[in-house]
Amino acid sequence: MTSTVLITGAGIGIGRATAKAFGRAGAHVLVTDVLTAEGEAVAAEIVSGGGRASFHALDVRSTEMVDAIFAHAEATLGGVDTVVANAGIAHRVPIETMTDALWDHTLDIDLKGVLRVFRRAVPGMRARGAGTMVALSSIMGIAYGWDEHVHYSAAKAGVVGLVRAMAVELASQGIRVNGIAPGYIRTAQLLSEEHSLGAAGAEAAPAFIPMGRLGEPEDIADVILFLASEAARYVTGQVIAVDGGLLVGRY
Ligand code: NAP
């Protein structure tokens with residue numbers, strides 16, 4: 001793979017596994033995150049394994065930072081061929097304490113953050129007549145409602161609409177736009193006691209997941225790699241659940 005991929009939130013979790021998978025596949029990986037030390041470590045791991053990578057601090061709430069990284073990639077690497085909009089937060093907020101500011105904070109990262117990187121990728125991809133984008137939605141965006149996470153659920157459902165609309169708008173120009181809806185994946189986000197399942201919830205979850213286990217970040221990374229690859233050349237506008245059978249098996 002000779003392409004360049006930019007991944008947001010790539011210092012830990014699903015983003016980290018995705019960066020490493022693209023690195024192994026031979027892509028130049030632009031590892032970006034608000035977590036500088038973690039992101040630098042991921043880029044260093046890829047390079048020490050014989051791959052190509054660089055770390056760039058990126059808060060997806062900043063259009064200016066997004067613009068600067070793409071300008072750098074265009075000047076030094078010939079542009080960005082694949083964008084993975086992975087950065088996300090999932091804060092627990094009971095509805096009676098959901099202020100405008102808390103709502104806006106999550107939507108700004110989980111939905112508008114996707115728009116910012118996808119939008120900036122378009123001119124270069126259009127000029128080259130090729131490109132792929134993959135966004136992280138969630139089972140909470142395509143099927144479930146997550147109590148005390150109304151903003152998160154709304155943002156992740158919004159990602160589905162964004163993916164569909166951009167896919168249609170860009171299909172004729174050789175650009176494919178897809179999404180992933182992960183189930184329960186073993187990451188810091190899921191293991192948070194304050195905001196998600198926590199350790200006890202993670203231990204209990206396999207009992208109602210048909211495959212009998214939590215997902216690992218690599219389970220998601222490999223499907224992202226597939227969607228970005230030529231093997232998925234006729235796939236666009238789709239959001240694929242990667243959940244060990246959770247959605248189809250819970251009745
Ligand atoms: P994670 O372990 O929390 O990693 C997310 C990364 O994004 C972290 O490095 C995080 O930094 C970073 N980030 C947060 N705000 C950012 C911002 N404004 N700009 C740039 N980076 C930012 O999460 P994950 O579990 O790997 O999840 C990755 C994606 O998959 C998310 O969009 C998540 O909603 C989605 N997802 C995850 C699961 C799951 O079970 N894990 C299920 C469904 C969907 P901080 O740590 O400082 O916040």
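Student: What classes of residue make up the lining of the largest pocket?

Tutor: A pocket is an open set of points on a 1 Å grid over the protein atoms alone, where a 1.4 Å probe fits, with protein on both sides within 12 Å along at least five of seven lines; lining residues have an atom within 4 Å of a point. Ala, Val, Leu, Ile, Met, Phe, Trp, Tyr, Cys and Pro count as nonpolar, Asp, Glu, Lys and Arg as charged, and the others, Gly among them, as polar. Here the lining has 21 nonpolar, 14 polar and 4 charged residues. This is a predicted model, where local features need pLDDT of at least 70, side-chain atom pairs count only at pLDDT 80 or more, and totals for chains, interfaces and linings use all residues. Residues are numbered from 1 along each chain as its sequence is written, and side-chain values use heavy atoms, with hydrogens and water left out.

Student: Which residues lie nearest the centre of the largest pocket?

Tutor: Of its 39 lining residues, those are Ala 87, Gly 88, Ile 89, Ala 90 and Gln 189.

Student: And how are the residues lining the second largest pocket divided?

Tutor: That lining has 4 nonpolar, 6 polar and 4 charged residues.

Student: Is Asp 243 buried or exposed?

Tutor: Buried means under 20% relative accessible area, exposed over 50%, partly exposed in between (1.4 Å probe, protein chains only). Asp 243 counts as buried because its relative accessible area is 13%.

Student: What does Asp 243 touch?

Tutor: Contact means heavy atoms within 4.5 Å. Leaving aside neighbours within four places in sequence, Asp 243 is in contact with Ile 139, Gly 183 and Ile 209. A polar atom of the Asp 243 side chain also lies 3.0 Å from the backbone nitrogen of Gly 245.

Terms used:
A polar contact is a pair of N or O atoms within 3.5 Å; within protein, one must be able to donate a hydrogen and the other to accept it, and residues adjacent in sequence count only if both atoms are side-chain atoms.
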